[in-house]
Number of protein chains: 2
Amino acid sequence: MALSPALYRWGVAYFDAASAAPLHPVARQALSASLDEGWADPARLYREGRRARMLLDAAREAAAESVGCRPDELVFTSSGTRAVHSGIAGALAGRRRVGRHLIVSAVEHSSVLHSAEVFEAEGGVVTRTPVTRTGAVAVESYADALRSDTALACLQSANHEVGTEQPVAAVAELCREAGVPLLVDAAQSLGWAAVAGPWSLLAASAHKWGGPSGVGLLVVRKGVRFAPQGPLDERESGRAAGFENLPAIVAAAASLRAVRAQAAAEADRLRELTARIRARVPAVVPEVEVVGDAERRLPGIVTFSCLYVDGEALLHELDREGFSVSSGSSCTSSTLTPSHVLRAMGVLSEGNVRVSLPAGTAPDEVERFLDVLPGAVAAVREKLGAPLPGPADPREIPPAGDAPAVDALVVDALGRRCPIPVIELAKVIGEVPVGGTVRVLSDDEAARLDIPAWCEMRGQEYAGEEPADRGSAYVVRRLS
Amino acid sequence: MALSPALYRWGVAYFDAASAAPLHPVARQALSASLDEGWADPARLYREGRRARMLLDAAREAAAESVGCRPDELVFTSSGTRAVHSGIAGALAGRRRVGRHLIVSAVEHSSVLHSAEVFEAEGGVVTRTPVTRTGAVAVESYADALRSDTALACLQSANHEVGTEQPVAAVAELCREAGVPLLVDAAQSLGWAAVAGPWSLLAASAHKWGGPSGVGLLVVRKGVRFAPQGPLDERESGRAAGFENLPAIVAAAASLRAVRAQAAAEADRLRELTARIRARVPAVVPEVEVVGDAERRLPGIVTFSCLYVDGEALLHELDREGFSVSSGSSCTSSTLTPSHVLRAMGVLSEGNVRVSLPAGTAPDEVERFLDVLPGAVAAVREKLGAPLPGPADPREIPPAGDAPAVDALVVDALGRRCPIPVIELAKVIGEVPVGGTVRVLSDDEAARLDIPAWCEMRGQEYAGEEPADRGSAYVVRRLS
């Protein structure tokens, strides 16, 4: 029997706002309205051009007010990615004489990290600051990284995968004292609030706050040396080539203002819902690790990883149940490497789920998600033949004295992908005498992250990685 | 008395489709429809992502069919300018080992010419092929320009300022034989027809055919060596960074198909209207030069220049009368240089007007334009104190024998902008004995183009340019 449209709709919840938020009603309205007025070239002097110019100017003023900058410091780009690319390239070029050193955190968005790679390929030097297990950078790590030849530092306002807020204001202050511009990737936070602190450049993306796709913001504070790269183009102060995407720009500015008007109340509401998920998931799903900072975090994002779970299979299960979420597991990506964010944090990547609630998410939807999740996880685990979680059976533990050929046990998981190496490890750990070790042979990138994470979660000792003929041998010592 | 909205609307005609065409109804419809379905990330596996992916795939197939290429050869960029920038940079990098030589025509769009400048700044060598007085390149000029180290050649399908069609198919054939890829900037023609010939890369812009702003096309034929530049980004085959502007992409593809369905009939209709303007303008406005090829031209574009006219003032006059047109005169631009297209053609730039009719232009609007134009030109000329056109009064011509101090006459137009230097020249020519010369001192870039053009139009001899303390001295010999 086919579900009725109403029932179908009821069962569907989109929980991936951190990828793209559904279009805000104000954005839709502004977009439609400006299609009639905003198609002409704002550089032209005739009436259609003047109308387009007025719309563009008004949108720039509105966006600048929301950002907390001067209108002439803000240009509209075609995406947040473009804003980051242009901002980093322009700032590095503008300060070429100062030096060729760039600082980024290890958990920046790929647009920042790929810009850094281009810079390295051109002879620049990049320092990647580490993060704690919650995903936050330490202000001191930026202090340590700053050099006399540092041209630019970059830091996200909050992390896109785990929601952890970064100490942007303090890092900006530090950079200001050192005379180094700080570029803030504010993609995940700008819909919630302006970025505090004396930052120098800022990038953001409209479709993250419910604006249309096709619009990013790049802000370059007055006084920051900036040399736009690429072919000359007079539009947007020479900082964003191509004909202005005006109706979408108008919609972006209008929706930013609209979401900000509701931001404080909506943040409180979503924060309560994500706190519920943070608290209840470990209670209803065994062997799970909730990652990211519990306090300093975005209102709508919560991320957790489930042992013995294939991330892609879990996404499919949840999708079938009507929930759209994303994952940083390597098993969902074509690159076969786990998310660089989870890697930098040193947390479990297998069975990873990011829930990012769009504004307006109903508590009922979250409750239903919490109802559905345990069954979805269990179904995936069962298919994979994962070891059933539960208290260890003491009869299974060989006494330490009986330890046979200690260190002889080897699990061959070569050619097997996440989460199989960890599942195989969990299956044999009962056979390892306490104090003894087991070697897991794996050529899966995720194992390097997930085997230590498993040890941490299960109270066993991760004894290190050894080279092997193929892949690596990950050594685990049984402690209990 | 304020005009009633109805009357106001009746009097308004937008004749600048070559800058941006009003949104086609199909584009509007498709855009609105896909706002609900197309906001999610097409790279995601959940239902909203799959729907977005289906829309993106369908749009790509439709656009590829209109272009005449395989879907996997076509990516969507954020603008035509971006398509050109990325296409040229990627093709040049892909063939770096072949050599560092680039061919462009002198009348390409600024996005092509600025890309060439970047290439030159990086050590590349650029050949700029000349054009005839009608704005067309000669196929032979590409044959002459091709070298063993030519990495890429670029040629527009038709010129954006004067409408002249280029021999793209023949140049593409020539390039194919030489093993050199040809990039075609098809921005002005793609709405009318697919580009013929064995071209290798193609760039276009949706808002030129009535699609939305924020969408360009870049086509790279299979087998063409191509190395995308800039930071890595997996979207659009790595050739167009940033989140896809999906609703606009859907609208772009749908409207391209829609305008093509009407293209043959609409082209005939507009061609007749522009032929009317080509024929009638010189009849109703004295001292005017219609530029561009009379036969091999786009259906909707016609361009002419008026002696003794300030382009910006004329645009204002026409705007007041309800007509939106553009101009390649230096007097309308902040750069103080006339259009590089008019310059390359060697035609008059002062008082330049480009009329580009959008699809659906009513014959009545064109008739009203032809009614209004003579008065608008006359009004500008009167304000400037331009010499009234008419047959020369024979009494004013000093007999050759009486020639006083030949070559003594100097007109000082330093610090005066287009069209003043030409007006001053026209005012004094009557005082010059036949066979004698006059020197016009000018530091206005437009004078270099417009004084020779005036000579050509008035049957006088342009005797060349001499260096002067400030600017240049342009020497004109009176012939009659």
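This is a predicted model: local features need pLDDT of at least 70, side-chain atom pairs count only at pLDDT 80 or more; totals for chains, interfaces and linings use all residues.

Colleague: Which residue of chain B forms a salt bridge with A:Asp36?

Modeller: The partner of A:Asp36 is B:Arg28, and their closest N and O atoms are 2.9 Å apart.

Colleague: Which elements of chain A give two or more residues to the side that touches chain B?

Modeller: They are helices H2 (25–37), H3 (47–67), H4 (80–94), H5 (110–121), H8 (246–284) and H9 (311–320) of chain A. The largest share, 5 residues, comes from H2(A). By type, the residues on this side of chain A divide into 21 nonpolar, 18 polar and 16 charged.

Colleague: How much area do chain A and chain B bury between them?

Modeller: About 4700 Å², with 55% of it on carbon and sulfur atoms. In chain A, the residues that lose the most area to chain B are A:Trp39, A:Tyr46 and A:Arg47, which together account for 14% of what that side buries. As for contacts, 55 residues of chain A meet 55 residues of chain B.

Colleague: A change of topic: which residues of chain A does the UniProt domain annotation cover?

Modeller: The unreviewed UniProt entry annotates residues 411–435 of chain A as "domain: UPF0033". Over that stretch the chain is 36% helix and 8% strand, and its end C-alpha atoms are 17 Å apart.

Technical notes
Residues are numbered from 1 along each chain as its sequence is written. Chains are lettered from A and ligands numbered from 1 in the order in which they are written. Side-chain values use heavy atoms; hydrogens and water are left out. UniProt positions are given in the numbering used here, feature names are shortened, and annotations may be inferred rather than shown by experiment. Helices (H or I, at least four residues) and strands (E, at least two) are DSSP runs, numbered from the N terminus. Contact means heavy atoms within 4.5 Å. Buried area is the accessible area (1.4 Å probe) that two parts lose on being put together, summed over both. A salt bridge is a side-chain nitrogen of Lys or Arg within 4 Å of a carboxyl oxygen of Asp or Glu. Ala, Val, Leu, Ile, Met, Phe, Trp, Tyr, Cys and Pro count as nonpolar, Asp, Glu, Lys and Arg as charged, and the others, Gly among them, as polar.
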